[in-house]
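Colleague: Could you take a close look at one part for me, the place where the domains meet? I'd like to hear what sits there and what lies behind it.

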Amino acid sequence: MTGPLQPPRAIDESDALEVFHRAYGGEPDGVWWAPGRVNIIGEHTDYNGGFVLPIALPIGTVAAVRRREDRSLRVRSANVKGRKGSRKIDLTTVHPGSDLGWAAYVAGVGWAAAERGLPVQGLDIALRSNVPSGSGLSSSAALSCVTAKAWADLQGWSLDDPTIAALGRDAENEIAGAPTGVMDQLASVCGRAGHAMQIDTRSVDVAQIPFALGTFGLSLLVIDSRAPHSLVDGEYAERRQSCEEAALRLAVKELRDVPVEALDTTLTKLPELLARRARHVITDSHRVELVAEMLRSGDDPRRIGTLLNDSHTSMRDDFEITVPAVDTIQEAAIAAGAHGARMTGGGFGGCVIALVEQDAAGPIATACAAAATRAGHAEPVAFTAKPADGARRLSL
Ligand code: ADP
Ligand code: MG
């Protein structure tokens, strides 16, 4: 019998060491960690130069890593069963279009470093993650960023955090072929316990804002819809393209440059669909600024609930990136007493976050599960999450 809250099984450096010993024998040079993330508000704003507000999660990827003398990369993931879980890659052959499967998120970091003129030696990497894959909690950034952090430390690349994050993003974009903005990697690298990060994705400025919900008697509930992702790549590309076209027609560099004041008037210059797409991006980026201001001023975080709900409505009606399972869960969370709830992540499935009283987390998770299964959707999995620290070396 499992309760309504099912946190992912905790992992630590011993998990990576165990995988390393079995895969390669001997000892690694060190063990590194990088977390997944959830975005509190600001969705699809990151490739429009706008604001986002993620937290790093206490779940992530742990990697034991050893330097090699040659330019080979051996990677073993305990999350991938069978032969596909082990890869050996000649780093000199990695290029955009290389068919590397999941190992692209690792090998791509070496490629991105070489592109920047950094010296790139081979590594043996053994890893395990407790971020559910493909749920919108950025297992991919945890993987690319743990790799970037380890490689940088072992090779003595002296890079600032945004550059470490950029290596992860380039690996995802260019080698794994996943068109993400830079939010996921910045959150994974720059996270700080007890804080959310207001990130200006244009200047890549990361401002740490206190986000200790526990001191207000609140919890952040993460509800994974487990709705099967489909259409993601095509739909994501279509949204990006719509945003670019809207910016072009409004004669601005990016939608970030459109003032939120008198927005309705501005948007009359666009055809109906593009107007809705642009309205989502511009208003959601503005909502990030409003939420950040409230949190900074020490206001009761319950007050951000309405903005979370508005963000969900905007994603559902204007940007059209939610799916029925996610909408059902969001509505059920509100009906069961959440102060606010919204889908988080790129959309077409993934997770809903809800701001809840601490003692209501279990009952609200139960209500969401009941509503989802009643509507014929997969049974969601829920857990509460506190902001955690970002990527770092754990030992040795
Ligand atoms: P999300 O980042 O939301 O979890 P993505 O589709 O961006 O979803 O990334 C999931 C992909 O990342 C997986 O399909 C796999 O290729 C790769 N991945 C992430 N973590 C691991 C891991 N621990 N081992 C192997 N592959 C991983
Ligand atoms: Mg991802």
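Modeller: In this predicted model, 27 residues of domain 1 are in contact with 33 residues of domain 2. On the domain 1 side of that meeting, β1 (30-39), β2 (51-52), β3 (54-67) and β7 (195-200) each put in at least two residues. As for the bounds, the domain assignment gives 13-208 + 388-395 for domain 1 and 212-385 for domain 2. Going by C-alpha atoms, the centres of the two are 26 Å apart.

Now for what's packed inside. The largest nonpolar core has 118 residues, and the ones touching the most other members are Ala63, Val146, Leu221, Ile223, Ala354 and Cys368. Helix α3 (residues 139-155) gives this core its largest share, nine residues. Both domain 1 and domain 2 hand residues to the core, so it lies between them.

If you skip its neighbours within four places in sequence, Ala354 is in contact with Leu221, Ile223, Ala333, Ala338, Ala341 and Ile364. Two of those names, Leu221 and Ile223, you've already met among the residues that touch the most other core members.

How values were computed
Residues are numbered from 1 along each chain as its sequence is written. Chains are lettered from A and ligands numbered from 1 in the order in which they are written. This is a predicted model: local features need pLDDT of at least 70, side-chain atom pairs count only at pLDDT 80 or more; totals for chains, interfaces and linings use all residues. Domain bounds come from an automatic or database domain assignment. Two residues are in contact if their C-beta atoms, placed from the backbone, lie within 7 Å. Helices (H or I, at least four residues) and strands (E, at least two) are DSSP runs, numbered from the N terminus. A nonpolar core is a set of buried Ala, Val, Leu, Ile, Met, Phe, Trp, Tyr and Cys residues joined through C-beta atoms within 7 Å. A residue is buried if 20 or more other C-beta atoms lie within 10 Å of its own, exposed if 12 or fewer, and partly exposed in between; C-beta atoms are placed from the backbone.
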